[in-house]
Protein chains: 2
Amino acid sequence: MRDFSRSLPMSLLRAREAVMRQFRPSLREHGLTEQQWRILRALAAIEAVEVTELARTAFLLGPSLSRILRDLEARNLIERRIAKADQRRSMVSISKEGVKLMASVAPNSEAIYAEITRRFGARKLAELQDMLGALEQSLAGLGTGEEASAEE
Amino acid sequence: MRDFSRSLPMSLLRAREAVMRQFRPSLREHGLTEQQWRILRALAAIEAVEVTELARTAFLLGPSLSRILRDLEARNLIERRIAKADQRRSMVSISKEGVKLMASVAPNSEAIYAEITRRFGARKLAELQDMLGALEQSLAGLGTGEEASAEE
DNA sequence: AAGAAATACTTAACAAGTTAAGTGAATGCG
DNA sequence: CGCATTCACTTAACTTGTTAAGTATTTCTT
């Protein structure tokens with residue numbers, strides 16, 4: 001069996017950890033986890049979203065998102081209101097306080113991202129992202145019962 | 001602020017999830033989590049290791065590893081004995097039962113890896129892994145107080 | 001040799017990942 | 001209309017990630 005430390009999952013895990021390690025301390029100083037930060041960023045770009053759609057953009061599973069939204073709401077960083085047309089749906093948006101918090105974190109965060117880009121190289125970074133996207137694409141639909149080889 | 005869904009951390013996260021999603025169901029059938037599987041694989045390649053060294057190879061933090069080893073030991077998949085030279089250290093090894101379990105999981109796991117490789121392309125895969133390794137390297141030591149620009 | 005510092009873990013506490021089950025509201029369809 | 005089904009989300013239960021604190025053992029220092 002192939003040396004597992006050289007397997008694709010491990011390479012991806014280590015690379016991501018190397019990146020995230022740069023951001024976590026700064027986020028932590030502001031009392032935010034990586035996931036909470038993802039949610040705020042996703043919300044900042046938009047007026048209001050449904051929870052399911054937010055889960056998709058922030059790449060979180062429903063149960064995780066449920067918990068985090070509960071906490072962010074308790075901290076007054078986000079707001080929720082039930083959609084009038086469909087009582088099942090709730091629309092989430094970032095609060096004024098949330099925007100303020102983002103503003104206080106963003107500069108540092110941007111600086112770190114810039115430094116990573118500088119170290120690795122902007123061109124290589126773009127190339128890497130392309131490959132990661134291609135990998136995702138090539139695996140889309142695998143294991144969902146539609147991975148037929150060619151004959152269907 | 002850049003569209004966060006196109007940020008490097010998100011790209012890495014999505015790519016890794018796309019890969020891991022292929023493996024999880026098979027592991028689950030055998031009652032193993034991704035992390036437990038990593039540990040077994042790390043142990044299979046070696047006689048016995050210290051916990052700290054195992055944490056390094058399986059890329060797990062100490063506390064996670066402590067818990068998982070406790071559980072794997074209770075399931076008789078690994079064995080532990082205290083190093084005679086240094087009572088603080090304990091040597092971990094895979095048990096006979098652990099080897100058996102690995103043997104029952106490995107074929108499926110290999111097949112999945114092969115399919116991923118086939119879909120994405122072996123050459124591209126190798127290229128991607130190189131880039132991931134380079135990214136890791138370029139970030140090594142950043143944020144540890146030794147990231148001086150050039151003057152030291 | 002004795003106390004201080006470092007080392008190798010383990011425990012604790014809280015946040016998040018993962019799967020399954022639950023709840024209430026809308027839809028489909030007879 | 002009535003009722004099963006689907007949908008949007010939440011809860012639950014268990015495992016892991018993350019940081020801090022704790023414990024025992026060894027090494028360093030003098």
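Ala, Val, Leu, Ile, Met, Phe, Trp, Tyr, Cys and Pro count here as nonpolar, Asp, Glu, Lys and Arg as charged, and the others, Gly among them, as polar. By that scheme, the surface near DNA strand C has eleven charged, eight polar and six nonpolar residues, where "near" takes a heavy atom within 4 Å of the strand.

This is a predicted model, with local features needing pLDDT of at least 70 and side-chain atom pairs pLDDT 80 or more, while totals for chains, interfaces and linings use all residues. Residues are numbered from 1 along each chain as its sequence is written, chains are lettered from A and ligands numbered from 1 in the order written, and side-chain values use heavy atoms, without hydrogens and water.

Sugar and phosphate make up 67% of the DNA strand C atoms within 4 Å of the protein. Here are some polar contacts (N or O atoms within 3.5 Å):

| Residue | Protein atom | Distance to a phosphate oxygen of DNA strand C |
|---|---|---|
| A:Thr33 | polar side-chain atom | 2.4 Å |
| B:Thr52 | side-chain N or O atom | 3.0 Å |
| B:Ser90 | polar backbone atom | 3.0 Å |

Now for the two protein chains. Their contact (heavy atoms within 4.5 Å) takes 53 residues from chain A and 53 residues from chain B. There are two salt bridges between them, counted when a Lys or Arg side-chain nitrogen sits within 4 Å of an Asp or Glu carboxyl oxygen. One of these joins A:Arg14 to B:Glu136, with the closest N and O atoms 3.4 Å apart.

Conventions: Polar contact = N/O pair within 3.5 Å; in protein donor to acceptor, adjacent residues only side chain to side chain.
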